[in-house]
Amino acid sequence: MPAAPAANLTINGDRLWDSLMEMAKIGPGIAGGNNRQTLTDADAEGRALFQTWCEDAGCTMGLDQMGNMFARRDGTDPDALPVYVGSHLDTQPTGGKYDGVLGVLGALEIIRSLNDLNIKTKHPIVVTNWTNEEGTRFAPAMLSSGVFAGVHTQDWAYDRTDADGKAFGSELERIGWKGDEEVGARKMHAFFELHIEQGPILEAEKTDIGVVTHGQGLSWTQVTITGKEAHTGSTPMPMRKNAGLGMARVLERVDAIAWSHKPHAVGAAGQINVYPNSRNVIPGKAVFTVDFRSPELEVIEDMERRLREEATEICEQMGLSVEFEKVGGFDPVEFDAGCVTAVRNAADRLGYSHMNLISGAGHDACWINQVAPTAMVMCPCVDGLSHNEAEEISKDWAKAGADVLFHAVVETAEIVE
């Protein structure tokens, strides 16, 4: 077994916090957060600052054809596979200062702290910034880590377009961050990702660290209910074919289906459109996307099946037609037992309280888990709020998460005495 780092080895929490605040100046939001969407000029500026910091820390920067950034600190064994660690720098349009960014800059702080302490590792350590984790401008989320893991093809990813019809590939070239390196060619000894929880559990339980054992699977089903547009005032109730009412009844069933698999399953519709969306017209069509999530694949499959069966029954009773299209999803993730143990042991060694967590959100680690042993560390965020400019964490939470990340990564990379 590799030697564990001494318990007194910790990162520089003030320097990490200062870096977070400095990065937050790039692509500021309108309410204290950030709007640094992927492949925008602000993203390019954030990347340039990150590269400068990495080079100042003695790293060499690699860049692949999806714009994924890899800052390498060499190890003592030229044949040892690197330990990768990182997250993403892109944000939501109304994003916070910590979602993703903490994982990238916490990883950089590992390199800086190793330099401060003059510690060498057998395995190289590579700090990673994955392109377009959020998926808010170019769907789907975790796009570039998905290409790296072979889930998506590069050509398909390049053809993704934003709301203005601009393609991912052309925008990547425009901002000057398209590299020459083949995507997915790198081999990893392990991958670790630090992230804010984006949920309320750690804060509510007054716990410092979330040891992420699983990631929820996700299923997006677009449902189209078709009825008949008619005047709201002159159409008798028995003669209506109200697609909006049909949608409402289906959404009640979505909620009930998710509750039937408590406590870990969830379900809702976040994207809803009714047509013609006029005050005095009975909706003739409703289109909405049902988002089901669970850490168990069989539960997701059951929820999908029941949605189709129960929605079909409701619509037949109301004289409506219904169609279903699976528009997105991924299977649940079980993170590597050895990497998870390294995270848990690090929290114990450092005296931080910790608990097992299932990630409710998707992360780059979920795709990288398919090609390398992977684990995640989570720290609390205030009220569980994320994807919001009011997202907030404390300096102590950031330091605790980065300390645990530091120990898990350095133990896996093996200290050279």
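The model is a predicted one, in which local features need pLDDT of at least 70 and side-chain atom pairs count only at pLDDT 80 or more, while totals for chains, interfaces and linings use all residues. Residues are numbered from 1 along each chain as its sequence is written, and side-chain values use heavy atoms, with hydrogens and water left out.

**The two domains**

Begin by colouring residues 6-215 together with 332-416 as domain 1, and residues 217-330 as domain 2; these bounds come from an automatic or database domain assignment. The centres of the two domains, taken over C-alpha atoms, are separated by 36 Å.

Turn next to the place where they meet, where eight residues of domain 1 are in contact with nine residues of domain 2, contact meaning heavy atoms within 4.5 Å. About 640 Å² is buried between domain 1 and domain 2, and carbon and sulfur atoms give 76% of that area; buried area here is the accessible area (1.4 Å probe) that two parts lose on being put together, summed over both. Select P332, I358 and W367, which supply 62% of the area that domain 1 buries against domain 2, more than any other three residues.

What kinds of residue does domain 1 turn towards domain 2, by class? The side that touches domain 2 has five nonpolar, three polar and no charged residues, where Ala, Val, Leu, Ile, Met, Phe, Trp, Tyr, Cys and Pro count as nonpolar, Asp, Glu, Lys and Arg as charged, and the others, Gly among them, as polar. Between domain 1 and domain 2 there are zero salt bridges (a side-chain nitrogen of Lys or Arg within 4 Å of a carboxyl oxygen of Asp or Glu).

**Backbone stops**

Most residues other than glycine have a negative phi, and most peptide bonds are trans. Select A139 and P140, which are joined by a cis peptide bond with omega of about 5°; P140 lies in the loop between strand 5 (125-129) and helix 4 (143-148). Then move to K262 and P263, where a cis peptide bond has omega of about 10°, and where P263 sits in the loop between helix 8 (243-259) and strand 10 (266-275).

Continue to N277, which is not a glycine but has a positive phi of about 60°, and which is found in the loop between strand 10 and strand 11 (281-282). N277 is exposed, with a relative accessible area of 63%; exposed means over 50%, buried under 20%, and partly exposed in between (1.4 Å probe, protein chains only).

Select E414 in the loop between helix 12 (395-413) and strand 17 (415-416), where phi is near 70°, a positive value in a residue other than glycine. E414 is partly exposed, at a relative accessible area of 22%.

Which side chain makes a polar contact with the side chain of E414? The partner is H123, at 3.4 Å; a polar contact is a pair of N or O atoms within 3.5 Å, and within protein one must be able to donate a hydrogen and the other to accept it, while residues adjacent in sequence count only if both atoms are side-chain atoms. H123 lies in the loop between strand 4 (120-121) and strand 5, and counts as buried at 6% relative accessibility. The side chain of H123 also reaches the backbone oxygen of L81 at 2.6 Å.

**Last stop**

Finish at D403 in helix 12, which counts as buried at 0% relative accessibility. Leaving aside residues up to four places away in sequence, D403 touches T10, I11, L350 and Y352.

How values were computed
Helices (H or I, at least four residues) and strands (E, at least two) are DSSP runs, numbered from the N terminus.
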